[in-house]
Amino acid sequence: MTIEKAYMLISIFLFLSGLLGVIIRKNLITLLVSTELMLNGVNLGFVAMDRMVGGVEGQVFSLFVLAVAASEVAVGLGLVVSIFRLKGYEGSSEITHLRD
Amino acid sequence: MEFLLVLIFPVVAFLVVGLLGRRLGDFPSAIITVLASSLSFLFSLYAALQAIKNPVHVPLYTFILLQSKPLELGLLFDTLSSVVATLVTFVATFIFLYSIGYMRNLFGQWTYKFYAYLSFFLFSMLLIVLSDNLLLLFFGWEGVGLASYLLIGYFHEQRKATNAALEAFVMNRVGDWLFLLGILMSFITFGSIRYQEMWEKAHLVDPLMLSWACLLLFGGAVGKSGQVPLHTWLPNAMAGPTPVSALLHSSTMVAAGVYMVARLHPVFEASDTALKVIVVVGSVTALMAALAATSHTDIKKIIAFSTMSQLGLMFIALGLKDKLAGSFHLMTHAFFKALLFLAAGSVIHTFHHKVHDIYEVGGLRSKMPVTYLSFMVGALALAGVFPFAGFWSKELILGRAYEASFGIGVLVSVVSVLTAYYIFREGFVMFHGEERKGGAHESEGVMILPMAVLMLGSVFAGFGVWWYGSLMGKEVHIHGDTVVLSLVIALVGIGVAYSVYVKRWLSAEELYRVLRPLHTTFREQFFTERFYHKTLAGGYMRISKGLHTVWERVLIDGFINLLALLYVKLVRFLWMKLDIMVVDLLVNGVARFTFKTGRTVRNFQTGLLNHYVAFLLAGMVFIFGIIIKFMR
């Protein structure tokens with residue numbers, strides 16, 4: 001097993017555990033954390049692939065993703081806090097506005 | 001060209017008055033009409049003076065229908081046509097003048113139409129008179145029919161008038177069909193419908209064909225001239241204004257039939273059968289109409305029946321090959337018949353068109369002296385008293401009738417006695433005796449003048465008999481015995497009327513009571529009118545009703561209903577089978593399916609973020625699965 005394959009496996013593990021977290025957990029904060037986990041899994045994948053191919057595009061992408069993730073956390077955390085303030089709940093099962 | 005003017009003036013007057021009459025007003029329209037007819041008279045007088053010496057033929061138009069036989073339309077001015085045209089325009093002018101007074105109370109009610117129709121009437125009659133062929137004559141023939149329809153029905157608010165106009169129109173159509181067939185027959189027989197060729201070939205063609213052509217043509221004359229059996233329209237046509245009656249009866253329309261026979265006399269003379277039919281029809285009409293006239297009390301109807309009777313006499317003369325007597329009686333008759341109508345119209349006018357029965361008035365002699373004089377002069381002329389116009393022409397007919405056969409002579413004598421009786425009966429009842437209705441006064445000058453002129457004509461026209469005879473190239477024989485006879489006849493008739501209605505030696509009421517069935521028979525014209533109503537019209541109605549029931553209701557409606565029933569059955573079947581079983585099932589099935597899937601699928605939309613992410617995962621796995629499966 002090469003080192004790149006090991007990195008890819010860890011990347012997939014990180015992504016899947018993030019995905020699983022998003023699907024299973026209800027707490028909004030945890031959801032955000034799980035999202036971060038998925039993003040970081042993908043980042044790790046990008047960098048590992050980059051290393052396999054020998055380019056720099058993957059690293060650039062991962063930098064972009066880091067930037068987007070940072071802004072997403074800022075916005076998402078803001079949304080979560082404001083939802084909590086307005087509605088008074090923190091579980092995602094109680095937020096079914098998308099149905100309407 | 002100046003000959004054409006005779007025809008052009010009335011037609012121009014017709015167009016001008018007809019198109020611009022509303023702007024011009026009624027009185028100027030009347031003036032234009034009178035002016036046009038008087039100019040037409042002057043030119044026809046001029047034409048007559050030219051044409052009497054040598055006939056003038058004016059070609060108008062070549063109308064090629066068949067390659068070998070061109071139809072040439074033209075005008076022919078010979079002695080007969082130019083003299084009759086002069087007479088027609090002369091009488092018409094004075095009748096038009098008279099109608100200004102007669103129609104004055106209607107001015108402002110589109111009366112210009114009346115004058116336009118009158119001009120058209122005159123134009124059509126001149127076309128009949130002056131045509132040199134049967135086709136152009138037929139145009140005039142139909143024009144006169146149309147004009148008479150319009151004029152008889154002029155008082156179109158009265159049901160009587162419109163009915164009479166319709167009757168005149170329909171009755172004339174019957175005659176006109178015969179006439180049209182006669183023209184076709186003549187064209188087949190002679191190969192031409194120009195008079196000149198017909199006159200020349202009359203003795204050369206097949207006699208049977210000739211007889212048929214003559215009889216069919218005479219059928220047209222029967223319709224126009226109100227002879228038996230197409231006579232019932234003529235008395236009813238009295239519903240029209242009086243000047244129209246005068247025009248219709250004196251010089252146009254009803255005279256057209258006689259004129260046509262006189263015009264084609266060489267042709268008719270070649271066919272003995274046709275002549276016999278003419279004599280029989282003329283005799284029957286003359287007698288029947290004279291009898292009917294004795295029992296009617298309508299002011300104008302008596303005179304109308306008199307016209308029928310006199311036209312019958314003219315036909316007798318023509319049938320006995322005496323063109324001179326027939327056509328000369330036509331001319332003298334025009335004067336005194338117009339005069340009688342105008343006098344009758346004067347009486348009607350003075351009572352504001354309210355009076356139609358002779359027994360409603362009486363003793364008008366002192367109130368309306370000129371009208372009285374006119375009527376009496378007209379009556380004397382009609383009765384045939386020397387030296388009035390009717391005497392000369394009637395004497396010719398009487399003489400010819402006795403020459404031909406004693407029977408016809410007696411018939412003509414009887415008709416003449418009746419004529420003298422009924423016309424003086426009317427005159428005595430209206431003008432003598434006690435006054436029954438007040439308010440009578442003499443008519444105005446514009447009505448008096450034409451009466452005076454026509455009075456002169458009625459007195460003196462008869463003296464033209466020798467002149468007219470020489471024009472026609474015939475010796476005029478005045479027989480001493482028939483002169484005496486006709487005088488006696490006239491005086492007997494007048495005497496009877498005088499003794500009954502003036503002296504009252506015999507009570508008219510008593511006579512009426514005794515002769516009542518006879519009176520009714522005469523009054524109903526031997527029930528011909530009733531017969532037409534009951535049998536012809538009624539029978540036709542019954543046949544129509546029968547056909548309506550059998551053909552329309554049973555056959556056609558049955559068929560249609562059957563079709564409808566079948567169609568309904570078919571549609572119901574299709575509805576049951578196709579619509580409910582197939583279409584509805586399909587549509588409802590689709591709807592139900594959609595509804596069910598919708599309800600099922602709706603459950604996926606939970607609004608829960610977790611679920612959506614799970615679905616996203618499932619979808620991605622599915623799509624990646626497909627991609628991976630197909631990429632390999």
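One member, B:Arg599, lies in helix 24 (residues 528-602) of chain B and is partly exposed, with a relative accessible area of 46%.

**How to read the model**

- Residues are numbered from 1 along each chain as its sequence is written, chains are lettered from A and ligands numbered from 1 in the order in which they are written, and side-chain values use heavy atoms, leaving out hydrogens and water.
- Because the model is predicted, local features need pLDDT of at least 70 and side-chain atom pairs count only at pLDDT 80 or more, whereas totals for chains, interfaces and linings use all residues.
- Buried means under 20% relative accessible area, exposed over 50%, and partly exposed in between (1.4 Å probe, protein chains only); the areas come from the Shrake-Rupley method.
- Helices (H or I, at least four residues) and strands (E, at least two) are DSSP runs, numbered from the N terminus.

**Chain A**

- Chain A has three helices and zero strands, and 28% of its 100 residues count as buried.
- An unreviewed UniProt entry places "transmembrane region" at residues 6-24, 31-49 and 61-84 of chain A; such annotations may be inferred rather than shown by experiment, and positions follow the numbering used here, with feature names shortened.
- Residues 31-49 of chain A are 100% helix, with end C-alpha atoms 27 Å apart, and residues 61-84 of chain A are also 100% helix, with ends 33 Å apart.

**Salt bridges**

- Over all chains there are 11 salt bridges, each a side-chain nitrogen of Lys or Arg within 4 Å of a carboxyl oxygen of Asp or Glu.
- A:Glu4 pairs with A:Arg51, with the closest N and O atoms 4.0 Å apart. A:Glu4 lies in helix 1 (residues 3-24) and A:Arg51 in helix 2 (residues 28-53) of chain A, so the pair ties together parts 47 residues apart in sequence.
- A:Glu4 is buried at 17%, while A:Arg51 is exposed at 65% relative accessibility.
- B:Lys224 and B:Asp176 meet in a salt bridge (3.7 Å, N to O). This pair links helix 8 and helix 6 of chain B, 48 residues apart.
- B:Lys224 is buried at 0% relative accessible area, and B:Asp176 is buried at 3%. Salt bridges that share partners join B:Glu142, B:Arg173, B:Asp176 and B:Lys224 into one network.

- Most residues other than glycine have a negative phi, and most peptide bonds are trans.
- A cis peptide bond joins B:Val228 and B:Pro229, with omega about 5 degrees; B:Pro229 is in the loop between helix 8 and helix 9 (233-236) of chain B.
- B:Lys321 is not a glycine, yet has a positive phi of about 60 degrees. B:Lys321 sits in the loop between helix 14 (299-319) and helix 15 (323-350) of chain B and is partly exposed at 39%.
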